[in-house]
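Colleague: Please take a close look at the place in this chain that carries a record annotation, and describe its surroundings for someone new to reading structures.

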Amino acid sequence: MTFCRMLMRVLARRFSTGDRVTQVKCCRPITTSVNLQARAVRKSELMPAEGPPHAQKKLFTPGPLGVSMTTKQAMLRDLGSRDTEFIEIVKSIRRTIVELAGVSQSSYSCVPMQGSGSFAIESVLTTTVPRNGGKVLILENGAYGRRQASICDVLGIAYHKESFQENEMVSPERVQQILESDHSFTNVSVVHCETSSGVINPISKIGAVVKELCPNAVFFVDAMSSFGGIPINMADAKVDYLVTSANKCLEGVPGFSLAIAPIEHLRSCKGNARSYALDLTDQYEGLEKNGQFRFTPPTHAMLAFHRALTELEAEGGILARAQRYKNSRERLREGMAKLGFTEFLSGDHEGYIITSFFFPKDPHFNFVEFYTLLAKKGMVIYPGKVLNADCFRIGNIGHLFPHNMMILLDKIDQVCQEMGMHVPFHN
Ligand SMILES: Cc1ncc(COP(=O)(O)O)c(C=O)c1O
């Protein structure tokens, strides 16, 4: 047996405790076309295998999220930043993302940015808000909208923050009123899925209002936790700039974020950024010039992401992924209601990315204990992030399937009883 094969066997054994492990392909070159690869991914590879359910932690969080074993395995090799194979992989990733956004390759480009999601948000704001006379209308109904205001504070960018209730959508009617009375905005921004609560904002309706009343304003959507899990057509929604992360619904590993941008406008922003490293136009021009990142690229994360995109395609694309998430969310919703938990958002809210639940009123409930006991059973949930209510959150994006939700519900039931609660309880 070659050394390489032996190493792969050892690694496969190491990682084989949770998800199904298909044979590790040793030193197999990755072809550059996502479509070609997708055909080679067998459906069965996408499904987690039976096995000790908590041998690996399951992340029911807004991120970092769990990814498939095969996506993790794609990172098990080294490529240099100037390697022609790596350059082709980056090209293929960029084209696929533009395709998934429903816009044309000739008008839009995908610009990957090293760092977490916030790096792409900051790069769009610093690059696109004009230095002279720039002013952003930030439509916020949660922590991630407020983060944009914090970014503008640091960058010295003028803005008006219009706040909405955290358990309600941003209202296009109110956006209309604001834009009718104030024509000074050069940029309008909104978060698509406000991950702090799970609210999905109506970006198409907001986009229509922006382009009708303020046609020259740049419409920017933070689709960090929705792109890849909720179909978005940037052209239909009249979105100019959109950002997302490698490690949310696209199910790659963390390490970089992605901006989708209109090429002509992006070029017009040359020299406008208040940051050297986060200059989106410079990043774009570098990638266009020789296919390379300006600074050290996240090579391993890119390899994983390339694989993750083939798995999205093999699953049936964004619609199929959305259906999986909806199915998981439905199991969660029904099961949590049976146990006695109440959702933060009203029952008619259709978001299916992440769900916020109120803390039960039972005096035996203690969130830290609840979290810790669940984590010991391999189930990682997340604290709440809304301002005016005690909540925790359970996400169902990432490499999770309806049966994982059933296991989680069973553990939640056990943990509630371990804490001395009577289940089902009544709030
Ligand atoms: C909607 C939204 N925007 C921004 C961010 C920030 O991304 P990051 O923590 O990767 O910087 C997140 C993270 O979950 C998010 O959900």
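**A lysine in a loop**

Modeller: Of the 427 residues in the chain, 46% are buried, a word used here when 20 or more other C-beta atoms, placed from the backbone, lie within 10 Å of a residue's own, with 12 or fewer counting as exposed and the range in between as partly exposed. This is a predicted model, in which local features need pLDDT of at least 70 and side-chain atom pairs count only at pLDDT 80 or more, while totals for chains, interfaces and linings use all residues. Residues are numbered from 1 along each chain as its sequence is written.

The chain has 15 helices and 14 strands, taken as DSSP runs numbered from the N terminus, with at least four residues of H or I for a helix and at least two of E for a strand. Between two of those strands, β9 (241-245) and β10 (256-262), runs the loop that holds K248. An unreviewed UniProt entry annotates K248 as "modified residue: N6-(pyridoxal phosphate)lysine", although such annotations may be inferred rather than shown by experiment.

K248 counts as buried because 28 other C-beta atoms lie within 10 Å. Once its neighbours within four places in sequence are set aside, K248 is in contact with G63, L65, M224, S225, G228 and I397, where contact means that the C-beta atoms of two residues, placed from the backbone, lie within 7 Å. As for the chain as a whole, among contacts between residues at least 6 apart in sequence, 73% join residues at least 24 apart.
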